[in-house]
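Welcome, and please open the model in your viewer. We will walk through it one selection at a time.

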Amino acid sequence: MKGARTLVAVLAVVVALVVQVSLFPHLAWHGIVPNLCLLVVVAAALTVEAPFAMVLGFAAGLALDLAPPADHVAGRWALALTVVAFLAARVRQDQKPSALAVVGTVAAASFVATSLFALTGVLLSDPAMSVSGLLEVVLVAVVWDVLLTPFVLPPLMRLFARLSPQWATT
């Protein structure tokens, strides 16, 4: 089952990345798009063991860092999604998370990931990042991700649970 779970996780990240960089820029609000890769990572972190979710977070973040039109230092999204996977996995207990807990986890994960990405941009003197624009970017990203949560997380969490029954909490 581990091979199937890994294959499904990689396919989920690839599909999320393709949709995120090809379709969602047409729906962007002030250049900010939903982070589907983050949603895949949170779904994994809430459903399967933490190490798997963290490796998936790093891989999804690195793919996001390298996918065109990447215009930032590679590794910033990899760091952000790895931290998010760790934190989201800490939320999961030995029981199925409630819908409110899932939405709250996505909101917190989106806030943390976007803030971490933006702050590393400020620290690395990314010309696209300014301290004054950070709040808007973070708030819009959180709203986007929370709005997509009911459509993305339930099917992904069910899929991960079926492929990892020994770790699943759903």
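Start by selecting Val10, which is partly exposed, with a relative accessible area of 44%; partly exposed lies between buried, under 20%, and exposed, over 50% (1.4 Å probe, protein chains only). Val10 sits in helix α1; helices here are DSSP runs (H or I, at least four residues), numbered from the N terminus. This is a predicted model, where local features need pLDDT of at least 70 and side-chain atom pairs count only at pLDDT 80 or more, while totals for chains, interfaces and linings use all residues. Residues are numbered from 1 along each chain as its sequence is written, and side-chain values use heavy atoms, without hydrogens and water.

Next, select Gly31, Val33, Asp71, Trp77 and Phe117, the residues nearest the centre of the largest pocket, which has 30 lining residues. Lining residues have an atom within 4 Å of a point of the pocket, an open set on a 1 Å grid with protein on both sides within 12 Å along at least five of seven lines. The lining has 19 nonpolar, eight polar and three charged residues.

Finally, visit the second largest pocket, with about 210 Å³ of space. Lys96, Val102, Leu153, Pro154 and Met157 are the closest to its centre, and α6 gives the largest share of the lining, six residues.

How values were computed:
On a 1 Å grid over the protein atoms alone, a cavity is a set of points where a 1.4 Å probe fits but cannot get out, and a pocket is an open set with protein on both sides within 12 Å along at least five of seven lines; lining residues have an atom within 4 Å of a point. Ala, Val, Leu, Ile, Met, Phe, Trp, Tyr, Cys and Pro count as nonpolar, Asp, Glu, Lys and Arg as charged, and the others, Gly among them, as polar. Grid points are joined across faces, edges and corners, and a volume is the space filled by probe spheres set on the points. Helices (H or I, at least four residues) and strands (E, at least two) are DSSP runs, numbered from the N terminus.
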